[in-house]
Amino acid sequence: MPLGIIALFVLPALLLFGIFLLYPLLAALSYSLFEWKGTSRGDFIGFANFVTLATDLPYREAIPRAFLHNALFFAGMILLQNTVGLFFAYQLHKRPRIRRFFQTLYAMPYLVSPLVIGYLWTLLLSPSFGPINALLKRIGLESLALPWLGDPNLALGIVILIAVWQWIGFPVLLYGAALGGLPEETTQAASIDGASNWQAFRYVTLPLLLPAVGTVSVLTFIFSMEVFPLVYAIGGSTGSPAGATDVMALLFYRVSFQSGTPNALGVSSAVAAVLFLVIFGTAMIATRALRSAERRLS
Amino acid sequence: MSASTLDERRIDRMHRRNRARARLGNGTVHAVLWVYAAIAIVPLIVMVLNSFRTSKDLFSDPLGLPLSPTVQGYVKAWTDASFATYFFNSLFVTVTAVALSTAVSVLAAYALARWKFRGASLLESLFISGLMIPIMLAMLPMF
């Protein structure tokens, strides 16, 4: 295929990608190396912005805490969304007649904007006029009618549950597609040899699904590190109950738009750069590890 | 010589036990599927039902149904909160973005998938690494 034709096909995507993704990325990374006065660029100060992040007070405590919350978010998503999603996908795979109906229902929250979902759940969980606490009181479980989003210990867990509720459609659909691509002969052979359902799943289906599990995990990691609209709607830009739901993206938003220091652009670019390096580095390592694990298994 | 050997009878018993276990598990799984379907859809239904009630109504009885439905909320959203502007903006952004990105991606994906050329895998990993870039990094320079 002549190079000119290939270029014609690939060039539009490459152009959009370059203008709207690559250039801003490189520009933002470069911003973190300068000192800013409002929106006019000052002097080149090297890594001083990053040093500020590590030593100056609000950042020194807020950044590790936000990263911790991101990590907890990721752990919660993997433990709940992946496992429950895989369970649903597998069970629906075995019931082809009702599969479409349930997939649609499970994916419905996925269609609504996370900002709206966050706001909806703050209304639902409101201790004064929310239906959930009202329902718990009505059936007598008054002791369980806690201020769900007001308690710093509960808030992050609730946010994770809401996120799982919204995005469970993603693994259900993805694993459903992956399960549809598996050959049926292997599971049939296993059941002829006397394997129970659980044994067939664990020793035959699951190893074949490992590439899909890996992909979903990497995407969940990237998503958990960048989660913003849901947390912003639930906790506001400060991670409302005393910073208990503060995540890196909220931190970035606060620093760049609400901190009021003249060097806001420099420090927030540094925050974004740190976040990018963490995401990119971990995703690269994880993808490489997954590829070699796949090669070993096949 | 009997027709079925000891081994065949053992395997037959195992099959029957597995099938009985599977039937019990099947009912439970069905129940779980329905329960989660309810969990997935009920908050959204509550949201829609509540949109037809007034704020006073919501404060006084959170669990009630819209017995005297009102479209007051929708009217206020359209007029006071300039929902029309937001809605049409969103519509415009969505349609344009989907059209443009689909057109561009289909071309590039076809080239990458069907033709072998020298920079193919490099280009592919370049595009995929775009997924890993946090959106905020990309938006900052626009300010």
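**Exercise 1. Find the salt-bridge partners of A:Asp246 and say how A:Asp246 and each partner are placed.**

*Step 1.* Start with A:Arg254: A:Asp246 makes a salt bridge with this residue, and their closest N and O atoms are 3.2 Å apart. A salt bridge here is a side-chain nitrogen of Lys or Arg within 4 Å of a carboxyl oxygen of Asp or Glu. Side chains of opposite charge can pair when their charged atoms come close.

*Step 2.* Now turn to A:Arg65, whose side chain also meets that of A:Asp246 in a salt bridge, at 3.8 Å from N to O. A:Asp246 sits in the loop between H12 and helix H13 (248-258) of chain A, while A:Arg65 belongs to helix H3 (residues 57-93) of chain A, so this pair ties together parts that are 181 residues apart in sequence. Helices are DSSP runs of H or I with at least four residues, strands are runs of E with at least two, and both are numbered from the N terminus.

*Step 3.* Check the burial. A:Asp246 is buried, with a relative accessible area of 0%, and A:Arg254 is buried too. A:Arg65, at 35% relative accessibility, counts as partly exposed. The cut-offs are under 20% relative accessible area for buried and over 50% for exposed, with partly exposed in between (1.4 Å probe, protein chains only).

A word on the source: this is a predicted model, in which local features need pLDDT of at least 70 and side-chain atom pairs count only at pLDDT 80 or more, whereas totals for chains, interfaces and linings use all residues. Residues are numbered from 1 along each chain as its sequence is written, chains are lettered from A and ligands numbered from 1 in the order in which they are written, and side-chain values use heavy atoms, with hydrogens and water left out.

**Exercise 2. Describe the interface between chain B and chain A.**

*Step 1.* Count the residues: 49 of chain B are in contact (heavy atoms within 4.5 Å) with 67 of chain A.

*Step 2.* Take the area. The two chains bury about 5200 Å² between them, and 84% of this is on carbon and sulfur atoms. Buried area is the accessible area (1.4 Å probe) that two parts lose on being put together, summed over both.

*Step 3.* Look for polar links. There are zero salt bridges between chain B and chain A, but three residue pairs are in polar contact, both residues at pLDDT 80 or more. Such a contact is a pair of N or O atoms within 3.5 Å; within protein, one must be able to donate a hydrogen and the other to accept it, and residues adjacent in sequence count only if both atoms are side-chain atoms.

*Step 4.* See which parts of chain B take part. H1(B) gives the largest share, 19 residues.

*Step 5.* Sort that side by residue type: 42 nonpolar, six polar and one charged. Ala, Val, Leu, Ile, Met, Phe, Trp, Tyr, Cys and Pro count as nonpolar, Asp, Glu, Lys and Arg as charged, and the others, Gly among them, as polar.

**Exercise 3. Is chain B spread out or compact?**

*Step 1.* Chain B has six helices and zero strands.

*Step 2.* Its radius of gyration, taken over C-alpha atoms, is 29 Å, well over the 15 Å from the globule rule for 143 residues, so chain B is more spread out than a compact globule. The rule is 2.2 Å times the number of residues to the power 0.38.

*Step 3.* Along the principal axes, the C-alpha atoms of chain B fill a box of roughly 90 × 65 × 25 Å. Of its 143 residues, 23% count as buried.

**Exercise 4. Place A:Thr205 in chain A and list what it touches.**

*Step 1.* A:Thr205 lies in helix H10 (residues 197-208) of chain A.

*Step 2.* With 4% relative accessibility, A:Thr205 counts as buried.

*Step 3.* Leaving out residues up to four places away in sequence, A:Thr205 touches A:Tyr90, A:Leu179, A:Leu182, A:Thr187 and A:Ala200.
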